[in-house]
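Please look over the sequence and the model before reading on.

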Amino acid sequence: MNILELEKFKIEDAINFHDEYNPLLFDGDKLKPVIKRQLDIITNDFIEYMGIPDLAVEDVIITGSNVAYTYTPHSDIDLHLLVDFAQLPNSEVYKELFNAKKSLYNDTYEITIRDIPVELYVQDTAQAHTSLGEYSLYKDEVTRCLLYTSPSPRDGLLCRMPSSA
């Protein structure tokens, strides 16, 4: 944020609870098919960009505010490729490679979906990841969500977890 913008900053722009996931991306608790296709294309392009044939991606997830009822106009789409680093030889070298490729890719390509920036990241499946919400592209469902009381008393607790979670 530019220091000159600080006086215009409002806390509600940073923290905002909603009764639904970001409607630009979701229909209810399902990712819109067109958004899922776009994210699949971005994922496949990023995997190809990394140049690692047969990279065993266990899942691709969206994390963060867009899938946690807390999105704002400043939210991005956090797209994580889940990889078991323990299955890679010299996992520390791969970790550095993934971080370098992620930075280059994110800095080189200005990727947006519906004007929402997309940030890619390769995450070790063994890495503890704290997120208020997660959506699996492979399962096409919410796999972790924020549980909170809706601002509207008639709605009660928000977050319907799939029966398999």
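**Helix H2 and the chain around it**

Glycine 51 comes after H2 and has a positive phi, near 70 degrees. The model is predicted, so local features are given only at pLDDT of at least 70 and side-chain atom pairs only at pLDDT 80 or more, while totals for chains, interfaces and linings use all residues. Residues are numbered from 1 along each chain as its sequence is written, and side-chain values use heavy atoms, with hydrogens and water left out.

**Overall layout**

- The chain has three helices and ten strands; helices (H or I, at least four residues) and strands (E, at least two) are DSSP runs, numbered from the N terminus.
- Along the sequence these follow the pattern α-β-β-α-β-β-α-β-β-β-β-β-β.
- Of the chain's 165 residues, 42% count as buried; buried means under 20% relative accessible area, exposed over 50%, and partly exposed in between (1.4 Å probe, protein chains only).
- Among contacts (heavy atoms within 4.5 Å) between residues at least 6 apart in sequence, 66% join residues at least 24 apart.

**Helix H2**

- H2 (residues 33-50) has 18 residues and spans 26 Å from its first C-alpha to its last, close to the 26 Å expected at 1.5 Å a residue; the expected span is 1.5 Å times one less than the number of residues.
- Its buried residues are Ile35, Lys36, Leu39, Ile42, Thr43, Phe46 and Met50.
- They lie on the same side of H2, because they cover an arc of only 125 degrees around the axis; the arc is that of the directions from the helix axis to the C-beta atoms.
- The face turned away from the buried side carries the exposed residues Pro33, Arg37, Ile41, Asn44 and Glu48.
- Cover for the buried residues of H2 includes strand S2 (30-31), strand S3 (57-63), S4, H3, strand S5 (112-113) and strand S6 (116-124).

**Aromatic rings**

- There are nine aromatic pairs; rings of Phe, Tyr and Trp (its six-membered ring) pair if their centres lie within 6.5 Å, and planes under 30 degrees apart count as stacked, over 60 as edge-to-face and the rest as tilted.
- One of these pairs joins phenylalanine 85 and phenylalanine 98, which are tilted because their planes stand at 55 degrees, with the ring centres 5.3 Å apart.
- Phenylalanine 85 is in the loop between strand S4 (77-83) and helix H3 (91-108) and phenylalanine 98 is in H3, so the pair ties together parts 13 residues apart in sequence.
- Both phenylalanine 85 and phenylalanine 98 are buried, the latter at 2% relative accessibility.
- Tyrosine 94 and phenylalanine 98 also form a tilted pair, with centres 6.0 Å apart and planes at 45 degrees.
- These two residues are four apart in helix H3, so about one helical turn separates them.
- Tyrosine 94 is partly exposed, at 22% relative accessible area.
- Tyr21, Phe26, Tyr69 and Tyr135 are linked by ring pairs into a cluster.
- The charged end of lysine 101 sits over the ring of tyrosine 49, 4.9 Å from its centre; the criterion is NZ of Lys or CZ of Arg within 6 Å of the ring centre and within 35 degrees of the ring normal.

**Two loop residues**

- Histidine 18 lies in the loop between helix H1 (11-14) and strand S1 (26-27) and is buried, at 18% relative accessibility.
- A polar atom of the histidine 18 side chain lies 2.9 Å from the backbone oxygen of tyrosine 71.
- Glycine 64, in the loop between S3 and S4, is buried at 16% relative accessibility.
- Leaving aside neighbours within four places in sequence, glycine 64 is in contact with Asp78, Ser131 and Gly133.

Definitions and conventions
A polar contact is a pair of N or O atoms within 3.5 Å; within protein, one must be able to donate a hydrogen and the other to accept it, and residues adjacent in sequence count only if both atoms are side-chain atoms.
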